[in-house]
Amino acid sequence: MQTHLLSWITFTPLAGALLVLLLPKNNSRLIKSVATAATLLTGALTVKALTLFNAAEPGFQMIEKAVWIPQFNVHYYLGTDGISFPMVFLTALISILACIGSFGIKTREKEYYFLYLLLETGMMGTFLALDLFLFYIFWEVVLVPMYFLIGIWGGPRREYAAIKFFLYTLTGSMFMLLGILALYFKSEPHTFDWVRLANAGFDPGFQKIVFLALFLGFAVKVPCFPFHTWLPDAHVEAPTPISVILAGVLLKMGTYGFMRFSYPFLPDAAEWFRPALAILAVIGIVYGGFVAFAQSDFKKMVAYSSVSHMGFVLLGLAAFTSDGFNGALLQMFNHGTITAGLFLLVGVLYDRAHTRDMGAFGGLSAVTPVYAGILIFFSLASLGLPGMSGFISEFMTLLGSYTYSKLFTGLACIGIILAAAYLLTMIRKVLLGPVNDKWKGLTDINLRELITLVPLMAFILWIGVYPKVILSYMASSVQVLLASVGGVS
Amino acid sequence: MNATESLRYFLPELFLLSGALISLGLDLFVRNKKLVGFFAVLVLLGTAVFPQVSDLAGKPLELFYGFFTLDAYTCFFRVLTVLILAATVLISISYRELSPSEEGEYYTLLLLTGFGLILMAASTNLLMIFLSVEFVSLMSYILTGFLRKSHKAKEAAMKYLLYGSAASGIMLFGMSLVFGASGSLELSIIRNLSATAPFYGVTLIALILFLVGLGFKISMAPFHMWAPDVYEAAPTPVAAFLTVAPKALGFALMMRVLSTGFLWINWKWSPLLMGLSILTMTVGNVTAIAQTNIKRLLAYSSIAQAGYILMGVCTFNETGVPGVLIYLVAYAFTNLGAFTVVIMVSNSTKSDELLSYAGLAKRAPFLAASLTVFMLSLAGIPPLAGFIGKFYVFSSAIQAGYLTLAVAAAVNSAIAAFYYFKVVRLMYLVPEETPEKIPYPLPLTLALGLLLIGTFAVGLAPSVFIKAVQTALFV
């Protein structure tokens, strides 16, 4: 089992999904237990992998490689390193929590958990695949369940949101496929193998074209301005646990793609695209912040704050420094935990009040004190309060980008101020002020909801106080990445 | 090779032909016409596994004084044809519209069409090419208008006939030009035209005219107009068959003609086909969006798919040529599968309107899931068959450096996903209107299961199929 640990991590959810298909439709308890067990088992396997993971080793570990399609030199090739492992861990964590968070779903449960587990397999595979063909397959496998999860269990405009998400991502990934094929045919001998492509050394002109093709695929996912318009729709319309997955894991697939593929394969193009990337990052940060500020819908505000926070990841990637890259990767993890928490909290409120209009609330801190405390905790984490994880990663990306461009760094800081503005406004509107009589009977957060939130809080605090706990896993791999693109450490 | 000698290499075809004739006789004697159908399936499977006399690893054999060529390529398409036909017969057996009095001859007609299709793959002589194409066309007209009580079917058959005749006439004219220039009907001799410069222009015009006839068969734009009407009005199993088999063999023939006779001016027809490929996929996809009838939607989708397959023909490189074959296999599984679901649904709802698919996920979860798989495969989502086909033709475009073509295909794929998901959306996201139970007759369910397995198999274990294709192409 140890030798195929990554395969187990990837396909345990799929096995769970197939098991769910065999269960009777009406036995909702059993379906939920099987689904949760599958995510928990995946989590346990991930922890097992964590114990085997050698943080000092910069290259890939726990590699599994087998020939799949010999005619195209396609391999079933999995492996993990300091860049992908935090993402795998995040996926396992968020999947468990969102699965528990899904217990509120009351319709078509069998289909729901089947698709949910299929989605987890897709996400795990995306982060673990080292063969571009395999990567593409997992990348696309994520799309289909997501379409259904938004489209069937979403809000009023779910159909529109689902197809928009699907078409945007599919268009991007079609161009990504062309880029992948170009890499394949340019390499001698033709290969999809990560290690070979990273050492291929393509000529700069070719690199730029391919970088652009891959960029379209990844940027839609991040989402990077101006490809972000699917995000507010999808996040708002998706049911709570799916918003959590979207914000917590799916967005990271895009930035992960840059770090894993675009940068090492196409270092010259990456260097050339740096200013563009930085500009898009800053636009995302500031624009996302302003739009979030303007929202009255709680969930939409959190959605736009994602655009803003993911901008920091891109800024870190444009920095080409050790701090920038580490910060970007850490920000991916932190944004995953913090925003997942915020979406869960929006869900908690929505389940009770059936509205997300912030203006309709007020004084909830008196009615639901525990909820209020937790909401304040996550808001502070999101706006970058020192001592919490969000601060560390945003600070690192800014530190990294400072050496690259003081202007962009300065502009990006506006995003932090804006985050404080919109999050504190939200707290004021929802929690403070006179109690709205309408919400007097609101019940406080329950145990199940607490279970989904507390682990996230633990990670936020832990990383906030002692970031080395996670940075030490990333550092050596990030260093290699940095060297491959010729950045300064 | 003379006729008597050739006969022993022609046994599988003769087996099929005699099977067709026996089924005609059987029709007179058995009361339950379904038995004729099952007999036809047996004949087809028998043809598929019929032992080949010669070892084809060596030189291709020229049969009947060079009218036909027997090589691995022919064998590949023979097996593909009969398997497609077997699936067609299987899904026809429980098709509601077919009246018992006519059912027997229907199977005979299908078997005969199969014979014609195999000849299309084997022909290397212009006369034989024309005859086999016409043979298949005539059978298709009859099959289209087979439901005599339906006015729509009659109209479609007539339309098909008129279009088809015009296209054949134009193709024949092209052939006559080639004959005039080269003095021969043999593709292998026509190739020598390359040495005689004065005939260059004539050859080019002839080839274009030739492509009109073939383009008609594969529903290439702008010769696709007949397709939606014919597919809509024809009996659904026939529509399934027509979207797959004549198209596949049309491509088989087109590749044979281009590679044997006209490879020397590929720098002329390659850009032409590129334009036609982009046109075909765009016309198919854009028109499909507005369709409200599932058969018309699948008709336009099949036009678009022809556009993708043309990518492989136009590049004609080491990924393009096998790409066409792989795509055809993947497409056969997928499209036949989609039509199987259409038949099962229409058997109970008596409608092919898209709206009758609303809430299918609740009424018939297995059917809805299957149709979703087929739609995803047509949209080219991995890990399904359609993706492997698309992967191949995209590869060929990238390898050949045809960036315009690749980008056009990528954009088209995104457009296509929209209408494929329209069907999926109806099944899963829209509440049902008519809570009718849908029966699962055995032959249809069997066919559906096999096609589903095929769709997954091509996607998950493509190497098996790629190997088969490579054998067919001697690479």
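Predicted model: local features only at pLDDT ≥ 70, side-chain atom pairs only at ≥ 80, totals over all residues.
How much space lies in the largest pocket? About 1,400 Å³ lies there.

**View 1. The largest pocket is lined by 40 residues.** Leu21(A), Phe114(A), Leu115(A), Leu118(A) and Val373(B) are the lining residues closest to the centre of the pocket. At least two lining residues come from each of α1 (5-22), α4 (109-128) and α5 (132-153) of chain A, and likewise from each of α15 (360-363), α16 and α19 (442-460) of chain B. The most is given by α16(B), which supplies eight residues. By type, the lining divides into 31 nonpolar, three polar and six charged residues.

**View 2. Four leucines of chain A make a nonpolar surface patch.** The patch consists of Leu18(A), Leu19(A), Leu21(A) and Leu22(A), and its area is about 400 Å². Leu18(A) is part of helix α1 of chain A. With a relative accessible area of 47%, Leu18(A) counts as partly exposed.

**View 3. Two peptide bonds of chain B are cis.** One of them joins Ala221(B) and Pro222(B), with omega at about 0°. Pro222(B) sits in the loop between α9 (200-217) and α10 (226-233) of chain B. Another cis bond runs from Pro382(B) to Pro383(B), and here omega is near -5°. Pro383(B) belongs to the loop between α16 (365-379) and α17 (385-400) of chain B.

**View 4. Met62(A) and His354(A) have positive phi values.** Met62(A) is not a glycine, yet its phi is about 50°. Met62(A) is in strand β1 (residues 61-69) of chain A. His354(A), also a residue other than glycine, has phi near 55°. His354(A) is placed in the loop between α13 (322-353) and α14 (364-367) of chain A. Are these residues buried or exposed? Met62(A) counts as buried because its relative accessibility is 18%, under the 20% limit. His354(A) counts as exposed because its relative accessibility is 58%, over the 50% limit.

**View 5. Lys186(A) and Asp203(A) form a salt bridge in chain A.** The N to O distance between these side chains is 3.9 Å. Lys186(A) is in helix α6 (residues 158-186) and Asp203(A) is in the loop between α7 (194-198) and α8 (204-221), so the pair ties together parts 17 residues apart in sequence. Lys186(A) is partly exposed at 41% relative accessible area, and Asp203(A) is partly exposed at 38%.

**View 6. Arg78(B) and Glu13(B) form a salt bridge in chain B.** Their side chains meet at 3.1 Å, N to O. Because Arg78(B) lies in helix α4 (residues 72-93) and Glu13(B) in helix α2 (residues 11-29), the pair ties together parts that are 65 residues apart in sequence. Both Arg78(B) and Glu13(B) are buried.

**View 7. Asp229(B) and Lys159(B) form a salt bridge within a network.** The closest N and O atoms of the pair are 2.3 Å apart. Asp229(B), in helix α10, and Lys159(B), in helix α7 (residues 151-182), link distant parts of chain B that are 70 residues apart. Asp229(B) has a relative accessible area of 21% and is partly exposed; Lys159(B), at 28%, also counts as partly exposed. Salt bridges link Lys152(B), Lys159(B), Asp229(B), Glu232(B) and Arg296(B) in the network. Over all chains, the count of salt bridges comes to 24.

Definitions and conventions. Residues numbered from 1 in each chain as written. Chains lettered and ligands numbered in written order. Heavy atoms only, no water. Helix = DSSP H or I, 4+ residues; strand = E, 2+ residues; numbered from the N terminus. Buried < 20%, exposed > 50% of the residue type's maximum accessible area, 1.4 Å probe, protein only. 1 Å grid on protein atoms, 1.4 Å probe; cavity = no way out; pocket = protein on both sides within 12 Å on 5 of 7 lines; lining within 4 Å. Points joined across faces, edges and corners; volume = space filled by probe spheres on them. Nonpolar A, V, L, I, M, F, W, Y, C, P; charged D, E, K, R; others polar. Patch = residues over 30% accessible without salt bridge, like charges linked within 9 Å, V, L, I, M, F, W, Y side chains within 5 Å. Areas by Shrake-Rupley, 256 points an atom, 1.4 Å probe, with all protein chains shown as cover.
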